[in-house]
Amino acid sequence: FWLIAIGTVSILFGIGYSAGSRSLSARGLGELVAFIFLGFVVTTIAYVVQVHRLDVQIIAVAVPFAILISIMILSNNIRDIEKDQGFRHTLVMIIGRKKGTQLLSILLAIPYLWTIGLASFHVIPWASIMALFALPLAIKLRYSYRKGANRSEEIKGMKWASWHHWVFSLLFIIGMMWPLI
(Lines give C-alpha, C1' and ligand atoms only; values in the text may rest on other atoms or scores of the structure.)
Protein backbone atom coordinates (compact mmCIF):
# COMPACT_ATOMS: atom_id res chain seq x y z
CA PHE A 1 0.00 0.00 0.00
CA TRP A 2 2.87 2.37 0.63
CA LEU A 3 3.90 1.97 -3.03
CA ILE A 4 0.46 3.19 -4.05
CA ALA A 5 0.81 6.21 -1.76
CA ILE A 6 4.29 7.07 -3.08
CA GLY A 7 3.12 6.52 -6.65
CA THR A 8 0.14 8.82 -6.12
CA VAL A 9 2.33 11.54 -4.63
CA SER A 10 4.74 11.14 -7.56
CA ILE A 11 1.90 11.48 -10.07
CA LEU A 12 0.65 14.61 -8.31
CA PHE A 13 4.13 16.14 -8.43
CA GLY A 14 4.39 15.11 -12.09
CA ILE A 15 1.18 16.99 -12.83
CA GLY A 16 2.34 19.93 -10.73
CA TYR A 17 5.65 19.93 -12.59
CA SER A 18 4.08 20.88 -15.90
CA ALA A 19 0.52 22.04 -15.19
CA GLY A 20 -0.06 25.60 -16.32
CA SER A 21 1.81 28.84 -15.91
CA ARG A 22 2.18 28.34 -12.14
CA SER A 23 3.79 24.90 -12.51
CA LEU A 24 6.66 23.77 -10.32
CA SER A 25 9.01 23.87 -13.31
CA ALA A 26 8.02 27.49 -13.94
CA ARG A 27 8.91 28.35 -10.35
CA GLY A 28 12.50 27.14 -10.50
CA LEU A 29 11.76 23.74 -8.99
CA GLY A 30 12.01 21.61 -12.14
CA GLU A 31 15.43 20.16 -11.42
CA LEU A 32 14.54 19.34 -7.81
CA VAL A 33 11.22 17.70 -8.71
CA ALA A 34 12.94 15.70 -11.46
CA PHE A 35 15.72 14.66 -9.05
CA ILE A 36 13.26 13.38 -6.46
CA PHE A 37 10.37 11.97 -8.46
CA LEU A 38 11.75 11.14 -11.92
CA GLY A 39 15.11 9.89 -10.68
CA PHE A 40 15.27 8.85 -7.07
CA VAL A 41 11.71 7.63 -6.48
CA VAL A 42 11.34 5.85 -9.83
CA THR A 43 14.66 4.00 -9.43
CA THR A 44 13.93 3.03 -5.85
CA ILE A 45 10.38 1.87 -6.52
CA ALA A 46 11.49 -0.19 -9.52
CA TYR A 47 14.02 -1.96 -7.32
CA VAL A 48 11.60 -2.53 -4.44
CA VAL A 49 8.97 -3.96 -6.78
CA GLN A 50 11.53 -6.43 -8.16
CA VAL A 51 13.23 -7.59 -4.94
CA HIS A 52 10.48 -6.84 -2.37
CA ARG A 53 12.71 -4.90 -0.01
CA LEU A 54 14.28 -1.49 0.47
CA ASP A 55 17.97 -1.30 1.33
CA VAL A 56 20.76 1.25 1.54
CA GLN A 57 22.35 0.03 -1.69
CA ILE A 58 19.44 1.11 -3.88
CA ILE A 59 19.27 4.48 -2.17
CA ALA A 60 22.95 5.01 -3.01
CA VAL A 61 22.53 3.66 -6.56
CA ALA A 62 19.53 5.92 -7.24
CA VAL A 63 21.59 9.09 -6.79
CA PRO A 64 23.37 9.04 -10.20
CA PHE A 65 20.07 8.38 -11.98
CA ALA A 66 18.41 11.24 -10.13
CA ILE A 67 21.23 13.59 -11.05
CA LEU A 68 21.13 12.48 -14.70
CA ILE A 69 17.48 13.47 -15.04
CA SER A 70 18.19 16.78 -13.31
CA ILE A 71 20.95 17.37 -15.89
CA MET A 72 18.37 16.86 -18.64
CA ILE A 73 16.05 19.49 -17.13
CA LEU A 74 18.89 21.93 -16.43
CA SER A 75 20.26 21.56 -19.97
CA ASN A 76 16.82 22.27 -21.40
CA ASN A 77 16.41 25.32 -19.19
CA ILE A 78 19.83 26.72 -20.17
CA ARG A 79 19.01 26.20 -23.83
CA ASP A 80 15.58 27.86 -23.51
CA ILE A 81 16.46 30.75 -21.20
CA GLU A 82 15.55 33.40 -23.78
CA LYS A 83 12.49 31.54 -25.06
CA ASP A 84 11.10 31.12 -21.53
CA GLN A 85 11.38 34.81 -20.61
CA GLY A 86 8.05 36.29 -19.62
CA PHE A 87 6.10 33.15 -18.79
CA ARG A 88 8.44 30.88 -16.80
CA HIS A 89 10.90 31.48 -14.02
CA THR A 90 13.28 28.51 -14.15
CA LEU A 91 16.26 27.86 -11.89
CA VAL A 92 18.61 29.13 -14.62
CA MET A 93 16.66 32.39 -14.76
CA ILE A 94 16.92 32.74 -10.99
CA ILE A 95 20.67 32.06 -10.72
CA GLY A 96 21.69 33.30 -14.16
CA ARG A 97 23.13 31.58 -17.20
CA LYS A 98 26.74 31.65 -15.96
CA LYS A 99 25.91 30.02 -12.64
CA GLY A 100 23.53 27.65 -14.42
CA THR A 101 26.35 26.36 -16.62
CA GLN A 102 28.62 26.13 -13.57
CA LEU A 103 25.92 24.06 -11.85
CA LEU A 104 25.72 21.89 -14.97
CA SER A 105 29.47 21.24 -14.70
CA ILE A 106 29.12 20.23 -11.05
CA LEU A 107 26.13 17.99 -11.73
CA LEU A 108 27.97 16.34 -14.63
CA ALA A 109 30.88 15.45 -12.34
CA ILE A 110 28.83 13.98 -9.49
CA PRO A 111 27.61 10.74 -11.13
CA TYR A 112 31.20 9.84 -12.07
CA LEU A 113 32.62 10.62 -8.65
CA TRP A 114 29.66 8.90 -6.97
CA THR A 115 30.16 5.76 -9.07
CA ILE A 116 33.86 5.60 -8.21
CA GLY A 117 32.96 6.09 -4.54
CA LEU A 118 30.31 3.36 -4.58
CA ALA A 119 32.72 0.94 -6.24
CA SER A 120 35.49 1.88 -3.79
CA PHE A 121 33.22 1.07 -0.85
CA HIS A 122 32.05 -2.17 -2.51
CA VAL A 123 28.44 -1.00 -2.72
CA ILE A 124 28.43 -1.77 -6.46
CA PRO A 125 30.66 -4.03 -8.55
CA TRP A 126 33.85 -2.52 -9.94
CA ALA A 127 32.54 -3.25 -13.43
CA SER A 128 30.08 -0.38 -12.92
CA ILE A 129 32.86 2.13 -13.42
CA MET A 130 32.58 1.35 -17.12
CA ALA A 131 30.04 4.20 -16.93
CA LEU A 132 33.10 6.46 -17.08
CA PHE A 133 33.18 5.75 -20.81
CA ALA A 134 30.25 8.19 -21.05
CA LEU A 135 32.53 11.05 -19.97
CA PRO A 136 33.23 12.27 -23.55
CA LEU A 137 29.49 12.81 -23.95
CA ALA A 138 29.40 14.82 -20.72
CA ILE A 139 32.22 16.98 -22.06
CA LYS A 140 30.39 17.54 -25.36
CA LEU A 141 27.24 18.40 -23.43
CA ARG A 142 29.02 20.97 -21.27
CA TYR A 143 30.85 22.38 -24.31
CA SER A 144 27.49 22.99 -25.99
CA TYR A 145 26.64 25.58 -23.34
CA ARG A 146 30.00 27.34 -23.12
CA LYS A 147 30.20 31.11 -23.31
CA GLY A 148 29.93 32.11 -26.94
CA ALA A 149 28.16 28.93 -28.08
CA ASN A 150 25.75 29.59 -30.91
CA ARG A 151 22.08 28.60 -30.88
CA SER A 152 22.57 25.44 -32.96
CA GLU A 153 25.24 24.23 -30.50
CA GLU A 154 22.84 24.83 -27.61
CA ILE A 155 20.11 22.92 -29.43
CA LYS A 156 22.56 20.04 -29.94
CA GLY A 157 23.29 20.24 -26.22
CA MET A 158 19.96 18.55 -25.52
CA LYS A 159 20.94 15.76 -27.91
CA TRP A 160 24.20 15.35 -25.98
CA ALA A 161 22.27 15.43 -22.69
CA SER A 162 20.02 12.59 -23.80
CA TRP A 163 22.90 10.55 -25.24
CA HIS A 164 24.88 11.10 -22.04
CA HIS A 165 21.97 9.99 -19.88
CA TRP A 166 21.38 6.89 -22.01
CA VAL A 167 25.04 5.79 -22.33
CA PHE A 168 25.94 6.43 -18.69
CA SER A 169 22.84 4.57 -17.49
CA LEU A 170 23.31 1.65 -19.84
CA LEU A 171 26.98 1.19 -18.93
CA PHE A 172 26.26 1.58 -15.22
CA ILE A 173 23.49 -1.03 -15.36
CA ILE A 174 25.62 -3.44 -17.41
CA GLY A 175 28.34 -3.01 -14.79
CA MET A 176 25.85 -3.72 -12.02
CA MET A 177 24.74 -6.90 -13.80
CA TRP A 178 28.25 -8.01 -14.79
CA PRO A 179 28.67 -10.42 -11.86
CA LEU A 180 25.40 -12.09 -12.89
CA ILE A 181 26.37 -12.55 -16.53
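The model described here is predicted. Its chain holds seven helices and zero strands, so that, read from the N terminus on, the elements run α-α-α-α-α-α-α.

**The chain as a whole**

- Taken along the principal axes, the C-alpha atoms of the chain fill a box of roughly 50 × 40 × 20 Å.
- Of the 181 residues in the chain, 44% count as buried.
- When contacts between residues at least 6 apart in sequence are considered, 67% of them join residues that are at least 24 apart.

**Helices α2 and α3**

- Helix α2 covers residues 30–51, and helix α3 covers residues 56–79; the axes of these two helices come within 7 Å and cross at roughly 145°.
- The crossing of α2 and α3 is right-handed.
- On the side of α2 the contact is made by residues including Ala 34, Phe 35, Leu 38, Phe 40, Thr 43 and Tyr 47, while α3 contributes, among them, Ile 58, Ala 62, Phe 65, Ile 69 and Ile 73.
- Sorted by class, the residues of this contact between α2 and α3 comprise 15 nonpolar, six polar and one charged.

**Thr 43, a residue of helix α2**

- Thr 43 has its place in helix α2, and because its relative accessibility is 18%, which lies under the cut-off of 20%, Thr 43 counts as buried.

**Helices α5 and α7**

- Helix α5 (residues 97–120) and helix α7 (residues 151–177) pack at an angle of about 15°, and their axes are 12 Å apart.
- An angle under 35 degrees counts as roughly parallel, and α5 and α7 are therefore roughly parallel to each other.
- The crossing of α5 and α7 is left-handed.
- Arg 97, Leu 108, Pro 111, Tyr 112 and Thr 115 of α5 make the contact together with Glu 154, His 164, Phe 168 and Phe 172 of α7.
- The residues of the contact between α5 and α7 divide into five nonpolar, two polar and two charged.

Methods: Residues are numbered from 1 along each chain as its sequence is written. This is a predicted model: local features need pLDDT of at least 70, side-chain atom pairs count only at pLDDT 80 or more; totals for chains, interfaces and linings use all residues. Side-chain values use heavy atoms; hydrogens and water are left out. Axes are lines fitted to C-alpha atoms, for helices over the stretch in contact, and angles run from 0 to 180 degrees between N-to-C directions. Helices (H or I, at least four residues) and strands (E, at least two) are DSSP runs, numbered from the N terminus. Angles under 35 degrees count as roughly parallel, over 145 as roughly antiparallel, 65 to 115 as roughly perpendicular and the rest as oblique. A crossing is left-handed if the near helix is turned anticlockwise from the far one by less than a right angle, and right-handed if clockwise. Contact means heavy atoms within 4.5 Å. Ala, Val, Leu, Ile, Met, Phe, Trp, Tyr, Cys and Pro count as nonpolar, Asp, Glu, Lys and Arg as charged, and the others, Gly among them, as polar. Buried means under 20% relative accessible area, exposed over 50%, partly exposed in between (1.4 Å probe, protein chains only).
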